[in-house]
Amino acid sequence: ARTLKIGLIPGDGIGKEVIPAGRRILEALPASLGLKFEFIDLKAGWETFEQTGNALPEETVSILKSECDGALFGAVSSPTKAVKGYSSPIVALRKKLDLYANVRPVKSVRGPGVKPIDMVIVRENTEDLYVKEEKTYDTPEGKVAEAIKRISQRASSRIATIAGEIALRRQKIREGGSPSIHKGPLVTVTHKSNVLSQTDGLFRSTAREALAAGRFTSVAVEEQIVDSMVYKLFRQPEAYDVIVAPNLYGDILSDGAAALVGSLGLVPSANVGEGFAIGEPCHGSAPDIQGQNIANPIATLRSAALMLEFLNEEEAAAKIYAAVDANLEEGKLLSPDLGGKAKTEEVVQDILRRL
Ligand code: NAD
Ligand code: MN
């Protein structure tokens, strides 16, 4: 049996309500998978900042680094005004653990009259305009602000490579009999190299080169300029399998894609590095519904499954996805964000039963 050590970082607000559900679904996986879990509770977030003056205690980082195979991160609240000493713990974690890929699957619930959507957006997580090298200076015509957009061959190559690997893995799952709207693996490389010929040009050519590797011969590769990508994403979302993009475009595309399938409470993500993954629901701490036991736990349950995929436990992940899909397709026990009346606990119970 393999034992996975998982750090649990609930954070603030509904993070505290959904992360325990993530733990329970991992514990409820059938013993036949030969998988055991050890959990370590870790602190981060706004409450932690108020208590300790640090939103991401050093202990959290060192335990993740030295002891854990993966982690589940809930959500953190951020102050509405800039507060001295506070910075987002998940952004810091991505940096400290070199979690270079942000992976977001977006999938619609099967049903009559529903447009089938089943895509994954793979966003580069370490560079582009998000290196945050900005400056402002005065000119006779007023202030001017500038920012550096940094694109490297190394980061572009590894993000395209992981996108190719995700496409292959999705194909393998399809061949295993999961119903799918896609015929074969496809990676769409998104950029704006018609205007930004050097930065996005380098992203484009490097991604192309990485995806031309021998092990990706079965993967179809196409390109889409980012503005027309948005148009097509909304007109024809069913056409996309894996989309890979530099940081900024990926950020925008992934929030937009989440809107195609309804509630934020459904959409998972993973922050992935070499041999490490943090599952993280896409939603925030949702203070408007906190403490009412009505938060949708599904984004977190799917994030737990996504984390398992990147820890090479695909079979376990598939079981969680299937149990969640069955709950949604039956549509009897849904949380209020999906138009239902079920409490968080009832949704969790229903999904655990299906596992
Ligand atoms: P939010 O995602 O917390 O909430 C947006 C809306 O979606 C709210 O109406 C909320 O009730 C609803 N919602 C979100 N998740 C849900 C779930 N699981 N089930 C049912 N409904 C759900 O975004 P916000 O309101 O803009 O931000 C609230 C706080 O969260 C802020 O402090 C913000 O900075 C923080 N935030 C954190 C993260 C993160 O930790 N990754 C991401 C986004 C926002
Ligand atoms: Mn975003």
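**Close-up views of a predicted model**

View 1. In β7, Gly 142 stands opposite Thr 139. The model is a predicted one, in which local features need pLDDT of at least 70 and side-chain atom pairs count only at pLDDT 80 or more, whereas totals for chains, interfaces and linings use all residues. Residues are numbered from 1 along each chain as its sequence is written, while chains are lettered from A and ligands numbered from 1 in the order in which they are written. Strands (E, at least two residues) and helices (H or I, at least four residues) are DSSP runs, numbered from the N terminus. β6 and β7 (residues 142-147) pair in the antiparallel sense through six bridges, where pairing requires that DSSP find at least two bridges between two strands, and the hairpin they form has two residues between the strands. Another residue of β7, Ala 145, stands opposite Thr 136. β6 is hardly covered, since the count of buried residues among its six residues is zero; a residue is called buried if 20 or more other C-beta atoms lie within 10 Å of its own, exposed if 12 or fewer do, and partly exposed in between, with C-beta atoms placed from the backbone. In β7, too, the number of buried residues among six is zero, so the strand lies largely in the open.

**View 2. Two residues with positive phi.** Most residues other than glycine have a negative phi. Lys 132, which is not a glycine, has a positive phi of about 55 degrees, and its place is the loop between β5 (118-124) and β6 (134-139). With 8 other C-beta atoms within 10 Å, Lys 132 is exposed. Asp 98 likewise has a positive phi, near 50 degrees, and lies in the loop that runs between α4 (89-96) and β4 (101-107). Asp 98 is exposed as well, having 11 other C-beta atoms within 10 Å.

**View 3. The open sheet of 10 strands.** The strand order is β2-β1-β3-β12-β11-β4-β5-β10-β8-β9, and the pairing is mixed. β2 (35-41) and β9 (220-225) stand at the edges with a single partner strand each, so one side of each has no neighbour in the sheet. On average, and with direction ignored, neighbouring strands are turned by 25 degrees against each other; axes are lines fitted to C-alpha atoms, for helices over the stretch in contact, and angles run from 0 to 180 degrees between N-to-C directions.

View 4. β3 is joined by five bridges to β1 (residues 2-11), the two running parallel, and Gly 11 stands opposite Ala 75 of β3. Three bridges, again between parallel strands, join β3 to β12 (residues 276-279), and Ala 71 has Ile 278 of β12 as its bridge partner.

**View 5. β8, β9 and β10 with helix α6.** β8 (residues 186-191) and β9 run parallel and are joined by six bridges, with Ala 220 in β9 as the bridge partner of Leu 186. Helix α6 (residues 199-211) lies across β8, β9 and β10 (242-245), at about 165 degrees to β8; two residues are in contact if their C-beta atoms, placed from the backbone, lie within 7 Å. In β10 lies Ile 243, which counts as buried with 26 C-beta neighbours inside 10 Å. When residues up to four places away in sequence are not counted, Ile 243 touches Met 119, Ile 121, Val 122, Thr 188, Thr 190 and Leu 253.

**View 6. The buried face of helix α11.** Thr 344, Val 347, Val 348 and Ile 351 are the buried residues of α11 (residues 344-354). Seen down the helix axis, these buried residues fall within an arc of 100 degrees, so they line one face of α11; the arc is that of the directions from the helix axis to the C-beta atoms. The elements that cover them include α1 (15-27), α9 (298-310) and α10 (314-330).

**View 7. The shell around ligand 1.** Ligand 1 is surrounded by 20 residues, of which Ser 78, Gly 265, His 283, Gly 284 and Asn 296 are the closest; a residue is near a molecule or strand if its C-beta atom, placed from the backbone, lies within 6 Å of it. The shell divides into 10 nonpolar, eight polar and two charged residues, where Ala, Val, Leu, Ile, Met, Phe, Trp, Tyr, Cys and Pro count as nonpolar, Asp, Glu, Lys and Arg as charged, and the others, Gly among them, as polar.
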